[in-house]
Amino acid sequence: METIRLPVARTVRLALRDTADIFVRMPVLCGLSLLVAILLRWIEEVVVGPVSLEAINPEFRPEIYVIGFAKYIYFVPLAVLSCRFLIIGRSPSWLEVRTTKNIMIVYSVVSIAIYILIAAPIITIEYIINMMESYAVIVSLSAGVIFSIFIMHWIMRWSLIYPAIAVDQRDASLRWSARTTKGMVWRIFLVQLVVPMIAVLATFPFLIGKYSIKFEAWSIVPLAFIEVFLGIFLSAAESEIYVWCCANRKSYDVAAPRTVSERA
């Protein structure tokens with residue numbers, strides 16, 4: 001039984017430092033990601049329109065999931081290069097973008113598969129709720145909350161698949177990630193929760209524009225920036241957890257990257 005536990009505060013601190021470093025080292029790619037995030041936000045707000053918060057039983061909106069899927073995928077190049085830069089010290093250059101096309105394809109396919117695993121049951125629950133009478137909605141929502149906790153558990157267990165794919169680990173799989181993160185779920189959850197929660201609180205003034213009667217276009221930019229910031233932070237956090245596992249987990253059977261000896 002291993003007694004070494006993932007250091008939550010230290011991992012968050014390193015991930016924040018890494019996030020700032022990525023903004024400095026990859027300004028062009030971060031800028032492009034921000035522009036795409038702004039475009040998707042604009043489509044979501046202007047073309048599709050926000051979902052009404054007043055409806056007890058809102059209409060099912062499949063286009064919302066299409067936009068969510070696009071938000072899940074556009075970040076792949078920046079996520080892959082960030083993980084490779086943080087874990088194995090590869091220079092974040094355009095040459096690295098060209099030489100990692102196959103890795104990015106695999107990363108995208110896995111991201112799509114996990115997105116479907118997450119979204120499909122949620123869509124099903126929403127559809128069932130829309131088919132029910134109002135008195136049954138509370139029961140359905142309760143079941144949805146329980147199911148969401150179950151989904152969140154496995155998102156944490158599978159989180160190391162992303163940095164493993166990014167550094168081209170040969171035995172990377174969802175099963176490997178679940179085995180490596182066994183007993184770490186709550187600590188991984190805390191690492192990936194603290195900063196996003198602070199960021200969510202920071203978005204409240206801008207969300208007023210999103211859900212007010214008069215849409216405020218200026219709110220798109222800060223919301224998109226926070227979205228990109230959180231994406232980079234989560235990639236950095238996953239990379240730091242990956243490095244920590246390389247250095248401290250006996251069950252982890254892979255050659256330690258160069259940065260492990262420097263950060264452990």
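Mentor: Ground rules before we start: residues are numbered from 1 along each chain as its sequence is written, and side-chain values use heavy atoms, with hydrogens and water left out. As this is a predicted model, local features need pLDDT of at least 70 and side-chain atom pairs count only at pLDDT 80 or more, while totals for chains, interfaces and linings use all residues.

Trainee: Okay, Ser239 to begin with. Why is Ser239 called buried?

Mentor: Buried means under 20% relative accessible area, exposed means over 50%, and partly exposed is in between (1.4 Å probe, protein chains only). Ser239 has a relative accessible area of 1%, so it's buried. You'll find Ser239 in helix H12, residues 220–248; helices here are DSSP runs (H or I, at least four residues), numbered from the N terminus.

Trainee: What does Ser239 touch, leaving out residues up to four places away in sequence?

Mentor: Cys83, Leu86, Ile87 and Pro163. Contact here means heavy atoms within 4.5 Å.

Trainee: And what does the side chain of Ser239 reach at 2.9 Å?

Mentor: The backbone oxygen of Ser235. The cut-off for a polar contact is a pair of N or O atoms within 3.5 Å; within protein, one must be able to donate a hydrogen and the other to accept it, and residues adjacent in sequence count only if both atoms are side-chain atoms. At 2.9 Å, the Ser239 side chain and that Ser235 oxygen fall within the distance limit.

Trainee: On to charges. What makes Arg41 and Glu227 a salt bridge?

Mentor: You need a side-chain nitrogen of Lys or Arg within 4 Å of a carboxyl oxygen of Asp or Glu. The closest N and O atoms of Arg41 and Glu227 are 3.4 Å apart, which makes them a salt bridge by that definition.

Trainee: How many salt bridges does the structure hold?

Mentor: Four. One of them joins Arg17 to Asp18, with the closest N and O atoms 3.4 Å apart. Arg17 is partly exposed at 46%, whereas Asp18 is buried at 2%.

Trainee: Which residues are linked in a network of salt bridges?

Mentor: Arg84, Arg90 and Glu96. Within it, Glu96 and Arg84 bring their closest N and O atoms to 2.6 Å. Glu96 sits in helix H5 (residues 94–99) and Arg84 in helix H4 (residues 76–88), 12 residues apart. Glu96 is buried at 5%, and Arg84 is buried at 7%.

Trainee: Why is the pair of Tyr107 and Tyr162 called tilted?

Mentor: The search of the whole structure finds six aromatic pairs. Tyr107 and Tyr162 are one, at 5.3 Å centre to centre with 45° between the planes. Rings of Phe, Tyr and Trp (its six-membered ring) pair if their centres lie within 6.5 Å; planes under 30 degrees apart are stacked, over 60 edge-to-face, and the rest tilted, so 45° counts as tilted. Tyr107 is buried at 5%, and Tyr162 is buried at 9%.

Trainee: What makes Asp168 exposed?

Mentor: Its relative accessible area is 53%, and the label needs over 50%, so Asp168 is exposed. Asp168 lies in the loop between H8 and helix H9 (174–180). Its phi is near 60°, a positive value in a residue other than glycine. Most residues other than glycine have a negative phi.

Key. Helices (H or I, at least four residues) and strands (E, at least two) are DSSP runs, numbered from the N terminus.
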